[in-house]
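Keep the sequence and the coordinates open while reading.

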Amino acid sequence: MFRFLIFLLFCSFCSGVIAQDLSTPRGVRKAQALRPQRPVPEKQATVSQNDKTIESWILNFGTHTEFYDSVQTDDSGGKRKIDFAPTIGAGMHIPLSNNNLNFLPELNWVLPRSAGSSKIIKNLLMFRADLGYDLVDWMRLRLGTSLMWLNQHGRGGKTQVNNGSGTSTFFYPDENRSSINNTLDVGVEGRFNDEWSLRLQSYIYSVFIKEKRQVSYTLFVTYYWDR
């Protein structure tokens, strides 16, 4: 009787093992054994706004005043304070590691204009870059430098200009000339929203030579096109 009970327990054990093994087809078991285990890919992190190399493209529209209070504009000896010289430009807004600092390279073009009774045609390109600091959300301070490429096409001739106590003769060039100057630039920018701003940008020529120092400036309306 005791041997018969042992025999029944043994048979029950064997039948359970066989039933468990047969529940999965042999081909699937073999494929599972041979198939290499693939690592589960990690979910890619979403790129945030601060991780962009270039956060925005920039478009500038404005006017340029060259050599503030240094150029005589009339026979009474008046000096230039503001000038209407249409200017366009494009650039980039690149955020730096410090959230308040930005790198702002740009190229601006003062459209061709005439001077001296249309005796001179002037063309000015500004290759420039600023380091911007966001003082508050709506105000950015800018410090940078520019390479000013000025081309002047002269048609020749002369004119008499009142110098305050008399008249002086000025001669116009009769050839095509180009010059390059480096300036120290200071600006302040007010943001209306994330897309539009108003900027006053100054350009200081010969900053370390008092006798030659001159200042030009632009007034820009700027559009930020977010990438």
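The structure holds three aromatic pairs, where rings of Phe, Tyr and Trp (its six-membered ring) pair if their centres lie within 6.5 Å, and planes under 30 degrees apart count as stacked, over 60 as edge-to-face and the rest as tilted. In one of them, F67 and Y205, the ring centres are 5.3 Å apart and the planes stand at 70°, so the pair is edge-to-face. F67 sits in the loop between β1 (56-65) and β2 (86-95) while Y205 belongs to strand β9, so the pair ties together parts that are 138 residues apart in sequence. Both F67 and Y205 are buried; the classes are buried under 20% relative accessible area, exposed over 50% and partly exposed in between, with a 1.4 Å probe and protein chains only. Another edge-to-face pair is formed by Y68 and Y217, with 6.2 Å centre to centre and 65° between the planes. This pair also links distant parts of the chain, since Y68 is in the loop between β1 and β2 and Y217 is in strand β10, 149 residues away. Y68 counts as partly exposed because its relative accessibility is 39%, whereas Y217, at 15%, counts as buried.

Some conventions apply throughout. This is a predicted model, in which local features need pLDDT of at least 70 and side-chain atom pairs count only at pLDDT 80 or more, while totals for chains, interfaces and linings use all residues. Residues are numbered from 1 along each chain as its sequence is written, and side-chain values use heavy atoms, with hydrogens and water left out.

On the scale of the whole protein, the secondary structure comes to two helices and ten strands, in the order α-α-β-β-β-β-β-β-β-β-β-β along the sequence. Helices (H or I, at least four residues) and strands (E, at least two) are DSSP runs, numbered from the N terminus. Of the 227 residues, 27% are buried. Contact means heavy atoms within 4.5 Å; among contacts between residues at least 6 apart in sequence, 53% join residues at least 24 apart. The accessible surface comes to about 15,800 Å², and 60% of that belongs to carbon and sulfur atoms, by the Shrake-Rupley method with a 1.4 Å probe, where for residues only the protein chains shown count as cover.

V110, leaving aside neighbours within four places in sequence, is in contact with H64, A85, P86, T87, N123, L124 and M126.

What does the side chain of S216 reach? S216 is in strand β10 (residues 214-226), and its side chain reaches the backbone nitrogen of F67 at 2.8 Å. A polar contact is a pair of N or O atoms within 3.5 Å; within protein, one must be able to donate a hydrogen and the other to accept it, and residues adjacent in sequence count only if both atoms are side-chain atoms. S216 is buried because its relative accessible area is 0%. Beyond four places in sequence, S216 touches H64, T65, E66, F67, Q201, S202, Y203 and Y205.

Most residues other than glycine have a negative phi. Phi of F67, however, is positive, near 60°. S206, likewise not a glycine, has a positive phi of about 50° and lies in the loop between β9 and β10. With a relative accessible area of 30%, S206 is partly exposed.

A further polar contact joins the side chains of E189 and R142 at 2.8 Å. E189 lies in strand β8 (residues 176-191) and, at 1% relative accessibility, counts as buried. Among the residues in contact with E189 are W138, S197, T222 and Y224. Y224 in turn has R191 over its face, at 4.4 Å from the ring centre; a charge sits over a ring if NZ of Lys or CZ of Arg is within 6 Å of the ring centre and within 35 degrees of the ring normal.
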